Amino acid sequence: MERAGRRWRAVLTAGAVVPCCAALTAAGAGRRPGLAGVLAGLLDGAVSTVRLTDGWLVAGGAVVALLGVAMVALALVPGRLREGSGARLLPGADAALDRRGFGALLRDATLRVPGIARARVRVRGRRAVVRAVLVFGDPAEARAALTAELRALRDRLGLVRPPRLVIRIAPA
């Protein structure tokens with residue numbers, strides 16, 4: 001799972017938990033502002049009879065605290081954001097290719113096309129931008145050959161979510 005997906009889940013969970021905690025705190029203090037008043041009204045009988053030293057309350061608080069620590073740890077772990085996952089060819093085997101390696105493969109394939117002298121490749125997220133300098137030959141033929149070469153390489157690697165190729169050819 002990528003970092004962005006975990007971040008939004010954590011934000012939504014915090015957005016749901018914080019008002020409930022505020023309502024319970026306000027109910028315990030005897031105040032009834034806004035949403036806290038509504039929740040306190042629903043929990044009025046239960047909150048007034050609970051002591052803070054009850055065993056189930058302490059155990060519940062410990063579980064919630066551990067879940068909070070786990071959520072913060074998961075939100076801070078970057079995950080495999082810089083890697084492209086490979087297709088599972090064998091059960092139990094997992095392969096990944098980082099962006100820098102994928103960019104180097106694309107650059108090498110670009111330089112194998114006739115007429116291309118220099119190439120720069122930048123792989124970001126779901127897109128790979130290839131900038132090539134054409135020194136001789138027809139630009140249309142070079143673009144067609146380069147597109148075919150790079151698509152074949154991308155498909156041969158078997159990535160689960162292959163990046164979109166953006167090809168820019170400039171004359172020397």
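## Exercises on helix packing, salt bridges and a nonpolar core

Arg-112 counts as exposed, with a relative accessibility of 53%, where exposed means over 50% relative accessible area, buried under 20%, and partly exposed in between (1.4 Å probe, protein chains only). This is a predicted model, in which local features need pLDDT of at least 70 and side-chain atom pairs count only at pLDDT 80 or more, while totals for chains, interfaces and linings use all residues. Residues are numbered from 1 along each chain as its sequence is written, and side-chain values use heavy atoms, with hydrogens and water left out.

**Exercise 1.** Find which side chain meets that of Arg-112 in a salt bridge (a side-chain nitrogen of Lys or Arg within 4 Å of a carboxyl oxygen of Asp or Glu), and state which parts the pair ties together.

*Solution.* Begin with the partner, which is Glu-149, at 3.4 Å from N to O. Helices (H or I, at least four residues) and strands (E, at least two) are DSSP runs, numbered from the N terminus. Finally, consider accessibility: Glu-149 is partly exposed, at 28%.

**Exercise 2.** Describe how helix 5 (residues 99–111) and helix 6 (residues 139–157) pack, giving the angle and the distance between their axes.

*Solution.* The angle is about 145 degrees and the axes are 9 Å apart; axes are lines fitted to C-alpha atoms over the stretch in contact, and angles run from 0 to 180 degrees between N-to-C directions. The contact (heavy atoms within 4.5 Å) is made by residues including Phe-102, Leu-105 and Leu-106 of helix 5 and Leu-146, Glu-149 and Arg-154 of helix 6. Of these, Arg-154 is buried, with a relative accessible area of 16%, and its side chain meets that of Asp-155 in a salt bridge of 3.7 Å, N to O.

**Exercise 3.** Identify which residues touch the most other members of the largest nonpolar core, a core being a set of buried Ala, Val, Leu, Ile, Met, Phe, Trp, Tyr and Cys residues joined through side-chain atoms within 4.5 Å.

*Solution.* Of its 18 residues, the answer is Phe-102, Leu-106, Ala-128, Leu-146, Leu-150 and Ile-169. Helix 5, strand 3, strand 4 (127–134), helix 6 and strand 5 (164–171) each supply at least two residues of this core. Then take Leu-106: leaving aside neighbours within four places in sequence, Leu-106 is in contact with Val-121, Ala-128, Leu-150, Leu-153 and Leu-165.
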